[in-house]
Amino acid sequence: MRLNIIIGGKAGQGINKVSNIVSNVLGKYGYFTFNYRDYQSLVRGGHNFNALSISDSPTESNDTTIDILAALDDRSVKNHKQSLKKDGMIMTAEKFENEGRNINIAIAGAVLKILGIPLIELENEIKSQFKKYEEALVSAKKGFDSQKEKFSLKKLNNKIAILSGSEAIVVGARNSEIDLYIAYPMTPATNAMHAIANKQVENNLMVFQAENEIAAASMAIGSSFAGAKTMTATSGGGFDLMGETLSLQGISGIPLTVYLASRPGPGTGVPTYTAQADLDIALRAGHGEFPRIVIAPGNPIETIEKTSEALFLAEKFKTLSIILSDKHLSESEFSSTEKPNKTPKFKITRTLPGKDIVKNSSYEVDKYGNSTEDPVLTEKNADKRTEKYNEIKKFVEKNFEMTKIHGKKNSKNLVIGWGSTSGAIKDAIKNLDAKFLQVLYCKPLSPQIKKEIKKANKVILVECNITGQLGRLIREKTGIKIENRLLKYNGRPFQSDELKTLIKNKL
Amino acid sequence: MKPNLTTKSEVTWCPGCPNNMILAAVRQSISKLVESGKNKHEDFAMTTDIGCHAKIFDYLNISGIYCLHGRAIPTGIGITLGNPNLKVLTFAGDGAAYAEGMAHFIHAFKYNADMTLVLHDNQSFSLTTGQPTPTSQQGYISKSEPLGVFDKPMNPIKLALAANATFIARTNARDIPHMTSTLTKAINHKGFSFVEIIQDCLIFNKDANGKDELMYKIKDNSDKKKAEKIAEEFDYNSKSGKIPLGIIYQSKEKSLAEKWPQLKKLTDKKTNWQNK
């Protein structure tokens, strides 16, 4: 069972509230939901929509065709009616004009009635969301009563939790008992900043907004040196500015964790949309040669786990950890019954300033931590950095999940992908003779990847970028070129039915 | 006990470079603070920029980070965020702080982190062979600007005042006692203290040298209007005016660690984040 709803309107009309109420009610009713937020770079007006998919089994993507179009304005009807299924229905806000600012709540009520959810579930949700709920309750009920039940969803027993990728970054960071989060606002990294800044005092941590990304990264290095568990976060443009600090991390050995939530570039690109086009910079930004870790979770549960792993590894190996996400993962709302793995907890045990004299430098150093230009030491230090990477690789291979296999485990048809695209791939290969190898660690890269490719008869690469960045990385590390590539780069994520057809055509 | 502030590194400043005198004054100031029991040797942490001034990192035996060019200030602020009980000294040059790092310089006064910026101003990028900095005088001819500097120099003291600085001082690299007492006052200031050291470069932009006879000492000042007048006296461009030395302005404002409850908790308990 799978239903797809589009909720469209102008920025400021509150479409997020509609999907939020509907998802919460459905979650408590045992249904999996996936909510994709498509919005423009403007504050009021324009055309925004949420694509909300509903299923009785786990889903992390949308379909191209829709069952219900809930339109808060005419443009939403115009833009989306061609996607309606034959028996799909349009519901406009005309009936609810008297509800004023609560039109969106009426729409939520209407959608839930169409789905066949009992009124009491809606009422409970409204009561839990609003302190003064009377007015909202009236609007919700008006919406609910305006419709006829069309889909009779029966209550399921799944224990569902709803989380966005941004919220998951915060859960992971807090599981690792983070002290400082230092950043400069940039979509789509900012939502995590907002989420962690909220209740920072109660949560015994501090969120500092620096004057730019260079300052944010430099402050992160300084605070980490002083003994705080620190993270910084940005999107591609800000990450470019942080490049020099990544390099400083490489030579100084001061632990640094960076959350990189990417969006389509180059330049300002399409700032509120999605792309997986920054794997290259995550892997290579910063001058000189030095070790690093790049981890790309595919959903919020993995994001919780991998954020903690990134912080743990940065401290253990005094290295650079990058958590690579994108707009689709960070801002979509996922539902899950899974629980994240146990957090790899850690304490900072290195010698800290205040206790002894500690020197870290952007120069090559001698045994006292002071500058050197000696050729023997220069070479030795470079060797040490390489050795450190080998240790990281060994440790990660032994302790953390670097790849995942989904779908038919013994299939000879192998789909390879990573990050937020994983959701659409998992949904697309259902009922196909295919297995999906999800790459979680992009650096180090798992030796399992080569083995899986060797075992397969057909290999298909799926990514949201134009050059197949993971494919190029795999070729660099294994010598294997993946010829079959499905690449999407219009700023929008793959939809599962669209991808299913594309994969089928390749099989 | 007198702390050992020397290192085994060979000093590579030019013979006679006033940086040697700045180093001596910094060591004396830290020694006095440690010997008096006010601060512990291990509690000092420095950040240094890149340039001739920054070599002090290798010669001064305290904790610290030898930073990237332009970033000594934000990295220093980061140290105070990571442990607000550390005494942070940030060393930067006129090129580092005013060209590459100007955004950080201005914002530092706004945050008012409890730390000291020691600004070595020789009106030249000397380590890279004498290109002009934002405080170089008009007409200065160098390899990168052979037509001479067209622009009037910045006045960082005026900028600092406009940015609500809570401590601004100027001192002379040839006057070790004055530098020592000024640095000690700066370190003791609660908030962001900015100490400009007027320094000659013996190799590059020599036309800017020899300003000692223009210098005179002022009384510690905490009047903003008066400070604005003092700031106008030296324009970094001509040698017609006087160069006032001393505390140009000091005021009492909440420091970064006093403003943020999370940091205040750490300073109240004299602890770091690990024991939060």
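**View 1. The crossing of H8(A) and H3(B) is right-handed.** In this predicted model, the two elements concerned are helix H8, residues 213-226 of chain A, and helix H3, residues 72-82 of chain B, whose axes come within 6 Å and cross at roughly 45 degrees. An angle under 35 degrees would count as roughly parallel and one of 65 to 115 as roughly perpendicular, and H8(A) and H3(B) are therefore oblique to each other.

**View 2. Residues of H8(A) meet residues of H3(B).** On the chain A side, the contact draws on A:Ala215 and on the run A:Ser218, A:Met219, A:Ala220, A:Ile221, A:Gly222, A:Ser223, A:Ser224, A:Phe225 and A:Ala226. Facing them from H3(B) are B:Pro74, B:Thr75, B:Gly76, B:Ile77, B:Gly78, B:Ile79, B:Leu81 and B:Gly82. Sorted by side-chain class, the residues of this contact comprise 10 nonpolar and eight polar, with no charged residue among them.

**View 3. Chain A contains 17 helices and 20 strands.** The radius of gyration of chain A is 24 Å, close to the 23 Å that the globule rule gives for 507 residues, so chain A is as compact as a globular protein of that length. Its C-alpha trace spans about 80 × 55 × 40 Å along the principal axes.

**View 4. Of the 507 residues of chain A, 55% count as buried.** Among the contacts in chain A with a separation of 6 or more, 75% are accounted for by residues 24 or more positions apart in the chain.

Note on methods: Residues are numbered from 1 along each chain as its sequence is written. Chains are lettered from A and ligands numbered from 1 in the order in which they are written. This is a predicted model: local features need pLDDT of at least 70, side-chain atom pairs count only at pLDDT 80 or more; totals for chains, interfaces and linings use all residues. Axes are lines fitted to C-alpha atoms, for helices over the stretch in contact, and angles run from 0 to 180 degrees between N-to-C directions. Helices (H or I, at least four residues) and strands (E, at least two) are DSSP runs, numbered from the N terminus. Angles under 35 degrees count as roughly parallel, over 145 as roughly antiparallel, 65 to 115 as roughly perpendicular and the rest as oblique. A crossing is left-handed if the near helix is turned anticlockwise from the far one by less than a right angle, and right-handed if clockwise. Two residues are in contact if their C-beta atoms, placed from the backbone, lie within 7 Å. Ala, Val, Leu, Ile, Met, Phe, Trp, Tyr, Cys and Pro count as nonpolar, Asp, Glu, Lys and Arg as charged, and the others, Gly among them, as polar. The radius of gyration is taken over C-alpha atoms; the globule rule is 2.2 Å times the number of residues to the power 0.38. A residue is buried if 20 or more other C-beta atoms lie within 10 Å of its own, exposed if 12 or fewer, and partly exposed in between; C-beta atoms are placed from the backbone.
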